[in-house]
Amino acid sequence: MTLVIACLLPVLLTAPQASAHLSGHGGPVRGVAVSPDGSRAVTTSFDYSVILWSLDSSEATAILHGHEAAVNAVAMLPDGTGAVTAGDDGKLVFWRFGETEPVRVVAAHDGRIVALNLSPDGKAIASAGWDGDAALWDAGSGALIRRFDGHQSNVNDAVFSPDGTMLATAAYDGVIRLWSIADGRLLRDLTGHEFSVNALAFLPDGSALLSAGTDETIRRWNPATGQEMSRRLAHKGPVLDIAVSPDGKSFASGGIDGMVRLWKVGEERPVHALAGRGGPVWAVAYTPDSGRVLAAGNDSVVRLWDAATGDALGDPVAATAGASAAPQDKGAAIFRRCGPCHTVTADGGNRAGPTLHGIFGRKAGTLEGYPYSPALRDSDIVWTAETIGDLFTQGPDVVTPGSKMPLQKLVRQEDREALIEYLRRVTSP
């Protein structure tokens with residue numbers, strides 16, 4: 001259970017230090033994409049933000065806010081001048097680099113959107129939603145082209161065949177479906193995964209479709225016949241994402257076990273097994289030259305590796321989760337789970353939520369420079385031991401209705417007292 005005092009839209013994050021790692025988000029990184037020329041990357045996060053990076057310097061060049069919830073996916077536009085992002089708010093947000101406000105926002109799905117992919121010709125974007133639908137959108141105007149609504153459960157991915165004639169979708173029910181893009185017809189079902197299928201990727205020549213499953217396997221399918229050609233145990237636990245190198249010679253997978261595995265196409269064993277650190281690896285991507293692999297981590301960091309050697313690139317970066325709260329006592333141990341969203345020191349700054357430094361005696365919604373929701377800006381609450389205790393006794397939906405504070409409670413009184421005592425000790429000016 002993640003404990004957060006206020007996890008709302010983030011403000012400008014502290015600029016990351018230059019290294020080959022991308023460190024600056026205030027929560028798990030859920031999506032990553034690289035520009036066609038390999039000079040930029042865009043990442044999306046649980047912290048509601050979108051960050052544009054220079055891959056030459058590994059520095060953030062823009063931090064963008066346009067979503068009202070966690071941002072799960074990103075697709076880079078083909079000319080490299082912008083991107084489209086999607087998240088738990090069910091919206092597509094179109095960005096043009098160099099501008100801080102979205103070009104357009106499209107209400108796309110009735111549930112969270114978890115994947116976006118660009119068509120080979122760059123004219124359409126496919127989205128996968130937990131409302132049971134996949135959909136195609138015009139990459140320029142954002143207009144809906146077609147919906148594919150045959151799945152009976154959450155759709156986790158939607159990818160184009162290399163020739164642009166088919167859309168492959170993966171769902172929680174373990175079924176992969178191939179659709180005709182021209183008329184929306186269901187062409188065939190691919191069945192064999194025992195549980196949810198989380199991600200898909202075509203080989204560049206279209207000869208095979210790879211799937212990543214909760215059943216710990218990566219499977220290879222013949223898209224023309226629907227036959228399973230091979231399977232391999234890939235991770236200890238669900239395989240969360242898969243990406244094929246642009247040259248078609250290798251692919252990368254990320255898992256809930258915190259590992260990134262690099263494979264040669266056609267081989268059953270990984271060439272390199274890389275420890276991502278910091279929990280699940282939510283997304284993987286290659287640079288256009290197939291030379292580097294980027295992996296989006298649960299610890300708010302995107303790590304880079306040499307795709308040929310498996311060597312980590314850049315200096316090691318400490319995980320941000322819990323960095324401000326070493327587990328010295330029970331309260332500190334509880335607060336470790338708040339670390340992705342909050343700091344407690346005078347120089348810690350804001351993350352996904354505001355800094356808690358000086359919180360005792362502060363009126364809710366008044367910390368300068370943090371974009372609070374109207375519910376907190378208009379609140380009469382003053383944060384004291386009693387009101388913080390009440391927050392975790394009744395839950396934010398009762399104490400701060402209308403805010404975007406995640407729903408959580410601390411049922412045991414001794415846990416609440418330990419957390420409050422810790423906060424009193426470490427947040428005092």
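Contact here means heavy atoms within 4.5 Å, and the views below are taken from a predicted model.

**View 1. Contact of helix 3 with helix 5.** From helix 3, the residues Ala385, Ile388, Gly389, Phe392 and Thr393 meet Arg416, Leu419, Ile420 and Arg424 of helix 5. By class, the residues of this contact divide into 5 nonpolar, 2 polar and 2 charged.

**View 2. Crossing of helix 3 and helix 5.** The axes of helix 3, which spans residues 385-394, and helix 5, which spans residues 413-426, come within 10 Å and cross at roughly 140 degrees. Helix 3 is therefore oblique to helix 5, since only angles over 145 degrees count as roughly antiparallel. The crossing of the two helices is right-handed.

**View 3. The largest nonpolar core.** This core has 23 residues, and those with the most contacts inside it are Phe335, Leu356, Trp383, Ile388, Phe392 and Leu419. Helix 1 (330-335), helix 3 and helix 5 are the elements that give two or more residues to the core. In soluble globular proteins, nonpolar side chains tend to be buried together.

**View 4. The loop that holds Tyr48.** Tyr48 is placed in the loop between strand 3 (40-45) and strand 4 (49-54), and its phi is positive, at about 80 degrees, although Tyr48 is not a glycine. Tyr48 counts as buried because its relative accessibility is 9%, and the cut-off for buried is under 20%.

**View 5. The loop that holds Ser290.** Between strand 26 (281-286) and strand 27 (292-297) lies the loop with Ser290, a residue that is not a glycine but has a positive phi of about 65 degrees. With a relative accessibility of 10%, Ser290 counts as buried.

Terms used: Residues are numbered from 1 along each chain as its sequence is written. This is a predicted model: local features need pLDDT of at least 70, side-chain atom pairs count only at pLDDT 80 or more; totals for chains, interfaces and linings use all residues. Side-chain values use heavy atoms; hydrogens and water are left out. Axes are lines fitted to C-alpha atoms, for helices over the stretch in contact, and angles run from 0 to 180 degrees between N-to-C directions. Helices (H or I, at least four residues) and strands (E, at least two) are DSSP runs, numbered from the N terminus. Angles under 35 degrees count as roughly parallel, over 145 as roughly antiparallel, 65 to 115 as roughly perpendicular and the rest as oblique. A crossing is left-handed if the near helix is turned anticlockwise from the far one by less than a right angle, and right-handed if clockwise. Ala, Val, Leu, Ile, Met, Phe, Trp, Tyr, Cys and Pro count as nonpolar, Asp, Glu, Lys and Arg as charged, and the others, Gly among them, as polar. A nonpolar core is a set of buried Ala, Val, Leu, Ile, Met, Phe, Trp, Tyr and Cys residues joined through side-chain atoms within 4.5 Å. Buried means under 20% relative accessible area, exposed over 50%, partly exposed in between (1.4 Å probe, protein chains only).
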